[in-house]
Amino acid sequence: MEIKTKRINKREIYAGLEIYNYYINHSTSNFEEKNLSKNKFIDLFNKSKGNKLPFIIAKKYKEVIGLAFVNKFREKSGYRFSFEHSIYINPKHIDKGYGSIILKELIRECRKNKNIKNLIAVIGGSDNISSIRIHKKNGFNHVGTLKKVGFKKNKWIDSLYMQKKL
């Protein structure tokens with residue numbers, strides 16, 4: 001598996017967008033309800049890179065199998081050392097261990113940035129066992145659950161918070 005953190009091309013970004021939009025349409029793990037456009041996703045990528053935050057594309061045999069990126073946790077200045085991350089795996093490659101590999105690389109990349117002291121996982125759904133498992137495996141601790149804070153696909157969804165201090 002190849003993990004790219006630099007020189008990510010538009011084709012790879014758009015393949016990442018397809019994965020991201022898959023989770024918008026087919027799950028409750030992403031609280032967005034409408035697909036992101038190419039322009040909005042490019043903006044997300046540029047914002048991440050412009051803030052010197054990791055954005056990872058993982059490939060195997062030239063196919064994008066996953067992506068992960070980091071954003072500010074909150075906009076208020078007091079949160080400046082805490083960052084939220086997102087990780088998405090191509091649905092054809094779920095339960096093959098790729099999520100954990102990508103998360104390990106994301107953590108390595110975050111440790112290179114002296115401003116990142118805390119990584120926060122905001123996991124959509126108490127039943128998102130795969131995401132909870134890979135975060136526990138990689139040293140994240142469950143720090144709280146917000147009950148029924150999201151509403152998607154005509155149901156209320158919990159939001160789990162997991163944290164890793166770097």
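Analyst: Let us start with charges and rings: a charge sits over a ring if NZ of Lys or CZ of Arg is within 6 Å of the ring centre and within 35 degrees of the ring normal. In this predicted model, local features need pLDDT of at least 70 and side-chain atom pairs count only at pLDDT 80 or more, while totals for chains, interfaces and linings use all residues. Residues are numbered from 1 along each chain as its sequence is written, and side-chain values use heavy atoms, with hydrogens and water left out.

User: Which residue lies over the face of F73?

Analyst: R74 takes that position, at 4.3 Å from the ring centre of F73. Another such case is K38, whose charged end sits over the ring of Y14, 4.5 Å from the centre of that ring.

User: How many aromatic pairs are there, and by what rule are they counted?

Analyst: Rings of Phe, Tyr and Trp (its six-membered ring) pair if their centres lie within 6.5 Å, and planes under 30 degrees apart count as stacked, over 60 as edge-to-face and the rest as tilted. By this rule the count is 10 aromatic pairs. One of them is the tilted pair of Y23 and Y88, with 5.4 Å from centre to centre and 45° between the planes.

User: Why does the pair of Y23 and Y88 tie together separate parts of the chain?

Analyst: Helices (H or I, at least four residues) and strands (E, at least two) are DSSP runs, numbered from the N terminus. Y23 lies in helix α1 (residues 10-26) and Y88 in strand β4 (residues 82-89), so their pair ties together parts that are 65 residues apart in sequence.

User: Are Y23 and Y88 buried or exposed?

Analyst: Buried means under 20% relative accessible area, exposed over 50%, and partly exposed in between (1.4 Å probe, protein chains only). Y23 is buried at 11%, and Y88 is buried at 9%.

User: What kind of aromatic pair do F45 and F55 form?

Analyst: F45 and F55 are edge-to-face, with 4.8 Å between centres and 85° between planes. Their pair links distant parts of the chain, since F45 is in helix α2 (residues 38-50) and F55 in strand β2 (residues 55-60), 10 residues apart. F45 is buried at 11% relative accessibility, and F55 is buried at 0%.

User: Which residues do ring pairs link into a cluster?

Analyst: The cluster consists of Y20, Y22, Y23, F41, F45, F55, F69 and Y88.
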